[in-house]
Amino acid sequence: MEIKYWDQDIETISRDRLEALQLERLKKTVSQALKTDFYGGKLPERGIKSADDLKSLDDLRNLPFTTKNDLRESYPYGMLAVDRSEVVRMHASSGTTGTPTTIYLTADDLAACTDITTRSVVATGAESGDVFQNMMTYGLFTGGIVLHYGAENLGMMVIPASSGNTERQFRMMKDFQTSIIHATPSYMLYLHSRMADFGIDPAQLNLKKAYVGAEPHSEDVRRKIERLWGIDVYNSYGLSEMNGPGLAFECVHKDAMHVWEDAYIMEIINPDTLEPLPDGEEGELVLTILHRDAMPLIRYRTRDLTRIIPGQCACGRTHRRLARMKGRTDDMLIINGVNVFPSQIEEVIMRMPEVGTNYLIVVQKAGPLDKLIVKTEITRESMTDDTRDLYNLKQRIVEHLRASITIKPVVELHEQGALPVSEGKAKRVLDEREEN
Ligand code: AMP
Ligand code: ZN
């Protein structure tokens, strides 16, 4: 198998040189962090008053963790380390109400981010002649635009299709002879299920690869997409706090995802004791970004469960790999690629006076997509025989939820006392999507 690199020197750098580079960049990250309101107070408490207080990579273990909540509390500029006028890009994460979590990049940060996403797509064998149809959502979410830049940087022809509008997606795939798609795994399955409806004959298409990510999926799902479409499917993992996709990507060997370790330091910790775990052991992924002057993030707790694969990949890249994500340590749900916390749903429905005290969130598979059902009890006073009133109430709940979580749920209204009450801790979420 021919192996292509975007930047062979850095991709196959020796571990010694890589670690020296990490230390140098970690120092830069710390000196940037010291300029922020957030770390400016926290780091000196741990004895880090200047970057020179870091003597080796092991000293990272003495630095504090950072959480999503810290990001929220620092909104909007509490973690900004440069003058606002130097920022050329911002993004915000889905899955938040009220206070979003935002990130910022300078022009240099953006160039570094684009460079690693280009490395990632080249690792899958992509070439400048490829036609890249980007079906991830464009907007505040990093998923769409960040990989767009990486693909464009390689010289692929990028179609910024964004998500949805299946008929148009098919038309563009056919007319432009798309060779690579970027989408959620569930959308890849959905798209395939609609092929016949739109009169598409697979022979009219030129698809070779798909990059799938933004939501958990199993090896079986990957194989299923590969079999249905007759293409190679590569797992891509990222999170907006860390600049989104490009962070961890499979190479042509499709055997776990390389993390670009000159741009990120990864640790796996035991989420209960917070102690670092050795390679090969499963725990929570913690990331430190090494290439973002505008907004350093140190020891960020991703809440994603995975492990580092020991040993080197057959592709010759020396950057270590992460196994497919096992799940999350918090209660965040990922519904058709969108992050939803049950607390967001609760916040919306409990604001409505007609809603009673008990509710249940159910997530199911509806064909290849996910379906969110919100069952709520309504107060005795609001329960009427007038179906029009009930219909209107239901529509209002749907609209309020859609405005908050961006996806449209199915809402069911129930009489007071109709939903199950659990003994002890309330069970408010039933995730009925099977692990397949
Ligand atoms: P966002 O910040 O909106 O990009 O969401 C990031 C989260 O999506 C991660 O923390 C993961 O929980 C999830 N995620 C992204 N890519 C993958 C993937 N390939 N496999 C499993 N989960 C993923
Ligand atoms: Zn590899």
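**Exercises around a zinc site**

A search of the whole structure turns up zero disulfides, a disulfide being a pair of cysteine sulfur atoms within 2.5 Å. This is a predicted model, in which local features need pLDDT of at least 70 and side-chain atom pairs count only at pLDDT 80 or more, while totals for chains, interfaces and linings use all residues. Residues are numbered from 1 along each chain as its sequence is written, and side-chain values use heavy atoms, without hydrogens and water.

**Exercise 1.** Find the protein donors of the zinc ion (ligand 2) and name the geometry of its site.

*Solution.*
- Step 1: Look for donors, meaning N, O and S atoms within 2.8 Å of the metal (3.2 Å for Na, K and Ca). Cys251 (SG), His258 (NE2), Cys313 (SG) and Cys315 (SG) lie 2.1 to 2.3 Å from the zinc ion.
- Step 2: Along the chain, these donors follow the spacing C-x6-H-x54-C-x1-C.
- Step 3: Check the angles among the four donor atoms, which are 101 to 118°. The site is tetrahedral, because all angles of four donors lie between 85 and 135 degrees in that class.

**Exercise 2.** Decide whether Cys251 and Cys315 are buried or exposed.

*Solution.*
- Step 1: Recall the cut-offs: buried is under 20% relative accessible area, exposed over 50%, and partly exposed in between (1.4 Å probe, protein chains only).
- Step 2: Cys251 has 1% relative accessibility, so Cys251 is buried.
- Step 3: Cys315 has 2%, so Cys315 counts as buried too.

**Exercise 3.** Describe the surroundings of Arg119.

*Solution.*
- Step 1: Arg119 is buried because its relative accessibility is 3%.
- Step 2: Leaving aside neighbours within four places in sequence, Arg119 contacts (heavy atoms within 4.5 Å) Trp6, Ile10, Glu11, Trp260, Asp262 and His319.

Technical notes
Chains lettered and ligands numbered in written order. Tetrahedral: all angles 85-135°; square planar, octahedral: opposite > 155°, others 65-115°.
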